Every structure is written in C-alpha cells, then in structure tokens.
Amino acid sequence: MPVQQLKDYLDQAGVEYMCLSHPPAFTAQELAHHVKIAGDRVVKTVIIELDGKMAMLVMPATWRIRWDRLSQILDTDFVDLADEQEFQDRFPDCEVGAMPPFGNLFGMTVYCAESLTEQPELAFAAGSHTESVHMKTSDFLNMVQPMVLNQGFVKPGARKPAWLVKRRRHRELDEKRVSGAAGY
C-alpha cells in the first residue's frame, strides 16, 4: 500500500493508477528491473539543497545529474545533494530513499527532467522499497506542476563534454612526461 497521503491524493484527484508489490528495490534502476519497465519510465527522486532550501529533482532512473549545468539552468551558485538526515522528517511515512516524486505534498518545489514528460506512463517508489505506483505521465504532471528542465542531466552512453576529454588527455600527457623524465 503506498503512503496513505499519496493514495488519498491520487484517489481525490480521481486519476487511474496501479500499485505493485515487488522485491526490495533500493534504487530506481532496481525498481525498473523488478517491474520490468524501461529505466526511462521509472522516476528517480533526488532531494537537493538549492541555495539553502530543499527541493525535489525527478528524472529517469538511468540518467545522472550534471551539477554544473543544473546550477547554471537554476541560476544559482549553490546546488548540492541533500543529506538524508536533514530531510527524512519531511517524509514521515516513507522509507528513506523511497520518497514518491510528489514534492508538492511535502512542501517542496519539484524540478522535472524534460525527458520524463515525453513518456506515456511513469513508475515510482510509493514510500517503501517494496511498493511502486504506475500512472499516466499527464496525470503526474497535472497534479505536481513541476518546473520542467531541459538541461542539467545526462543520459547513459552520452559522450563526455569536450572540455573534460581535453583535460583528461592533458593529464595523461603530463603523467607520461613525468614517468619518462624519471627514467633517465
């Protein structure tokens, strides 16, 4: 059974959703594996600290955060991963790490990766590591009203940025010079 607050919210809105029980999933990618859904359709919920305030970032399970771009698009100097000890009280009926992506229910601004909005349906942890909710993306977007971001994330297999590749090449060349100089 999902967190009661979430279930009540979904029922009051009259949206269709399905709850599934599954083996424990401690990451969104494990959830995708257990419920046999592509990782692009499973929501990873990340709590961030944004200029001293907690916010929720939701993105596909398979994607990663690009902190430099996220900071740039949010126009802030400080964005960081929040400490679990600091936010666990905000989700009183949820297991740590299994928060549903409804930050609006918990007094948080929600930022959503644009790629999630392109999926027909989403699945996400329902407050426990053994239960998930599956619903239409359009219903999720209507209920949460997240701020949609088209930057700040990187999908798996994406090429590394040119500046990072150049920096790595320079470091390798420097290491070769140092090890070559030591041998004469």
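How many salt bridges does the count come to, and where do they lie?

Analyst: This is a predicted model, and the count comes to 2 salt bridges. Side chains of opposite charge can pair when their charged atoms come close. Each pair is taken in turn below, followed by its surroundings.

The pair Lys-7 and Asp-11 is joined by a salt bridge with an N to O distance of 3.0 Å. Both residues belong to helix H1, which covers residues 4-13. They stand 4 residues apart there, about one turn of the helix. Asp-11 has a relative accessibility of 40%, so it counts as partly exposed.

The other pair is Arg-66 with Asp-68, whose side chains meet at 2.7 Å, N to O. Arg-66 has a relative accessible area of 13%; because this is under 20%, Arg-66 is classed as buried. Asp-68, with 40%, is partly exposed.

As for the setting, the chain has 184 residues, and 43% of them are buried. Its secondary structure comprises 7 helices and 10 strands. Of the contacts between residues at least 6 apart in sequence, 66% join residues at least 24 apart. The accessible surface amounts to about 10,700 Å², with 48% of it belonging to carbon and sulfur atoms.

The largest pocket holds about 490 Å³ of space. Its lining consists of 30 residues, and those nearest its centre are Phe-26, Lys-44, Thr-45, Val-46 and Gly-97. Strand S2 (43-50) is among the elements that supply at least two lining residues, as are helix H2 (28-35), strand S4 (64-65), helix H4 (84-87) and strand S7 (121-128). S2 gives the most, with 5 residues.

The loop between S2 and strand S3 (53-60) holds Asp-51. Although Asp-51 is not a glycine, its phi is positive, at about 50°. Asp-51 is partly exposed, with a relative accessible area of 49%. A positive phi is also found at Gln-145, again a residue other than glycine, with a value near 55°. Gln-145 sits in the loop between H6 and strand S9 (147-149). Its relative accessibility is 58%, so Gln-145 counts as exposed.

Finally, a word on confidence. The mean pLDDT of the chain is 87, and 84% of the residues reach 70 or more. Among the elements, helix H6 (residues 137-144) has the highest mean pLDDT, 97, whereas helix H7 (residues 162-182) has the lowest, 61. Where pLDDT is low, the predicted coordinates should not be read in detail.

How values were computed. Residues are numbered from 1 along each chain as its sequence is written. This is a predicted model: local features need pLDDT of at least 70, side-chain atom pairs count only at pLDDT 80 or more; totals for chains, interfaces and linings use all residues. Side-chain values use heavy atoms; hydrogens and water are left out. Buried means under 20% relative accessible area, exposed over 50%, partly exposed in between (1.4 Å probe, protein chains only). Contact means heavy atoms within 4.5 Å. Accessible areas come from the Shrake-Rupley method with a 1.4 Å probe; for residues, only the protein chains shown count as cover. A salt bridge is a side-chain nitrogen of Lys or Arg within 4 Å of a carboxyl oxygen of Asp or Glu. pLDDT is the predictor's confidence in each residue, from 0 to 100. On a 1 Å grid over the protein atoms alone, a cavity is a set of points where a 1.4 Å probe fits but cannot get out, and a pocket is an open set with protein on both sides within 12 Å along at least five of seven lines; lining residues have an atom within 4 Å of a point. Grid points are joined across faces, edges and corners, and a volume is the space filled by probe spheres set on the points.
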